[in-house]
Every structure is written in structure tokens, then in C-alpha cells.
Amino acid sequence: MQRRTRRMATALTALASSLLLSLTLSPTPAHAAAHDPVVFVHGLSSSASSWDDWAGYFEADGYTSAELDAWSYDWARSNATTAQQLATEIRNVLARTGASKVDLVVHSMGTLSARYYLKNLGGTSYVDDFVSTAGVNHGTSTASWCAWLYTSCAEMNTGSSFLSALNSGDETPGGVSYASYWSNCDDALTPDTTAILSGATNVEVGCVSHTDMNNDHGVYEQVRDFIG
């Protein structure tokens with residue numbers, strides 16, 4: 001009886017040691033994301049810092065800094081070039097966080113490179129939600145002042161070949177959830193309704209200036225709830 005008890009004790013000890021070793025050797029995920037990482041894309045004559053307010057709001061609402069990616073790019077270049085850079089940025093975010101998809105939150109001209117990425121560069125496989133704030137989705141006549149200076153500006157001028165190609169066919173491709181938030185007093189968008197995307201959740205937020213659209217707290221709350 002004593003020998004049997006000793007054998008059982010020895011077996012239980014060996015089992016416990018085996019389980020402990022297994023737990024020690026099991027790889028730990030690089031990141032157990034509570035949210036899809038958010039990738040922010042700024043617009044013309046801007047930078048990553050234009051998202052500082054919203055990044056702070058997201059962190060206050062439970063996002064980690066690792067889940068928030070605001071990046072700067074050369075806004076004078078073609079939006080197609082920026083889209084290729086965005087593809088690389090998103091691959092890096094996914095690799096760093098271990099997430100399978102990101103949410104894209106964009107402002108003004110940033111909507112053009114982001115939508116080009118979704119439509120032409122396979123981005124719909126890596127994006128869960130797309131949010132446009134004050135997006136120049138169908139062009140604006142106010143771009144005529146800089147169209148002769150910058151390729152990117154010429155592309156967002158009303159009637160450009162870039163916009164014609166971007167908006168041909170499905171404006172909201174793939175299984176991505178799309179939303180567009182726009183103001184009824186946006187001096188940079190002529191007309192204001194250029195921001196509306198066919199197939200998206202289109203939300204008029206009232207009178208919010210173009211530059212305030214991506215730092216206004218009320219608009220932020222709607223965006224947060226949409227991607228949440």
C-alpha cells in the first residue's frame with residue numbers, strides 16, 4: 001500500500017513538472033489586441049500631429065498607444081504613391097501588433113490615398129472599418145489654387161482623371177465597413193456633399209470647420225462608436 005502511494009505521488013509530481021515545463025516553453029502572443037489598431041491618415045499640408053487630440057481621446061477610452069498609429073508622409077506627391085506607402089505602414093502595424101486587420105481613420109485628402117489602397121492595392125483584406133472625416137471623396141473646386149503646384153492637389157481637383165478612376169464602379173469595395181462624416185459649412189469642400197460616399201454610412205455632423213473635423217470631440221465620439 002505504501003509503495004502504491006509513493007508511485008502515485010511520484011507520477012503526480014512528474015505530471016505537474018511536465019505541465020509546468022509546457023507552460024514555460026509555450027510561446028506568448030506578441031500582442032493580445034483588445035481593439036483593431038487604428039491607422040490615421042492626414043491630409044494636404046498636414047502631418048501626424050493633426051491627430052494628437054483624437055489619439056489622446058482614444059487612449060482615454062481604453063486604447064493603448066501601440067494600437068494607435070499616426071504617420072506623416074510627403075503630401076505633395078501623388079496619392080497613388082502615398083497609397084503604396086500606406087500599404088507598407090499597415091503591414092508594419094499588423095506585424096508589430098499581431099492583429100489581422102486595422103481600422104483606417106482619415107481626414108480631407110487622406111481619403112484619396114486610403115481609398116486607392118483599398119480599391120487597387122488589396123487593402124480590403126487588411127481593413128475592418130474605414131472612416132472619412134471631411135473627405136474630398138469627389139473633389140473640390142477649392143483645389144484649383146494649388147493644382148498647378150502639387151500633384152496631390154491636382155488629383156483632388158473636381159473632375160480630375162484620378163478622381164474619375166477612383167470613383168468608377170463601387171465606391172465602397174470589399175467587406176469593409178465604410179463611414180463618411182461631413183460638415184454643412186466646410187469652406188474647403190465645395191460642395192460640402194463631395195464627402196458623401198455611395199454605399200457608406202454618411203453622417204452630417206452640423207457646422208464644424210474643415211480643420212476641426214479631426215479634433216472635434218463630438219465627431220470623435222461618433223467615429224469611436226462606429227469602429228468600436
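Which residues line the largest cavity? Let's take that one with the rest of the tour, keeping in mind that what you have on screen is a predicted model.

## The enclosed space

The residues lining the largest cavity are R115, L118, K119, L166, D170, E171, P173 and Y178. Sorted by class, that lining holds four nonpolar residues, four charged ones and no polar ones. Which helix gives the most to it? That's helix α4, spanning residues 110-120, which supplies three residues. The cavity's volume comes to about 40 Å³, and a search of the whole structure turns up one cavity of 30 Å³ or more. If you're wondering how anyone looks for empty space in a model, rolling a probe the size of a water molecule over the atoms shows where such space is left.

## The open space

Now for the largest pocket, which has a volume of about 300 Å³. It is lined by 18 residues, and L44, H107, S108, A188 and H210 are the ones that lie nearest its centre. The pocket's lining is made up of ten polar residues, seven nonpolar residues and one charged residue.

## The overall layout

Time to step back and look at the whole chain. There are seven helices and six strands in the protein. Starting at the N terminus, the elements go α-β-α-β-α-β-α-β-α-α-β-β-α. Of the 228 residues in the protein, 44% are buried.

## Two sulfur links

How many disulfides does the structure hold? It has two, and with the bonded cysteines counted along the chain, they pair up as 1-2, 3-4. Here are their sulfur-to-sulfur distances.

| Disulfide | S to S distance |
|---|---|
| C146 and C153 | 1.6 Å |
| C185 and C207 | 2.0 Å |

Take the link between C146 and C153 to begin with. The torsion about its S-S bond is about 55 degrees, so this disulfide is right-handed. Are C146 and C153 buried or exposed? Both of them are buried.

The link of C185 and C207 is right-handed too, with 100 degrees about the S-S bond. This pair ties together distant parts of the chain, 22 residues apart: C185 sits in the loop between β5 and β6 (201-204), while C207 sits in the loop between β6 and α7 (217-227). C185 has a relative accessible area of 26%, so it counts as partly exposed. C207 is at 59% relative accessibility, so it counts as exposed.

Let's go to S183, in the loop between β5 and β6. Is S183 buried or exposed? Its relative accessibility is 2%, so S183 is buried. Which backbone oxygens lie by a polar atom of its side chain? One belongs to G206, at 3.1 Å, and another belongs to V208, at 2.7 Å. Skipping residues up to four places away in sequence, S183 touches D192, V205, G206, C207, V208 and M213.

T172 is found in the loop between α6 (161-166) and β5 (177-182). Why does T172 count as buried? Buried means under 20% relative accessible area, and T172 is buried because its value is 10%. The side chain of T172 reaches the backbone oxygen of S198 at 3.2 Å. Leaving out neighbours within four places in sequence, T172 is in contact with Y178, L197, S198, G199 and A200. One of these, Y178, also lines the largest cavity.

Last stop: A66, in the loop between α2 (52-60) and β2 (68-71). With 32% relative accessibility, A66 counts as partly exposed. Beyond its neighbours within four places in sequence, A66 is in contact with R96 and T97.

Technical notes:
Residues numbered from 1 in each chain as written. Predicted model: local features only at pLDDT ≥ 70, side-chain atom pairs only at ≥ 80, totals over all residues. Heavy atoms only, no water. 1 Å grid on protein atoms, 1.4 Å probe; cavity = no way out; pocket = protein on both sides within 12 Å on 5 of 7 lines; lining within 4 Å. Points joined across faces, edges and corners; volume = space filled by probe spheres on them. Nonpolar A, V, L, I, M, F, W, Y, C, P; charged D, E, K, R; others polar. Helix = DSSP H or I, 4+ residues; strand = E, 2+ residues; numbered from the N terminus. Buried < 20%, exposed > 50% of the residue type's maximum accessible area, 1.4 Å probe, protein only. Polar contact = N/O pair within 3.5 Å; in protein donor to acceptor, adjacent residues only side chain to side chain. Contact = heavy atoms within 4.5 Å. Disulfide = S-S within 2.5 Å.
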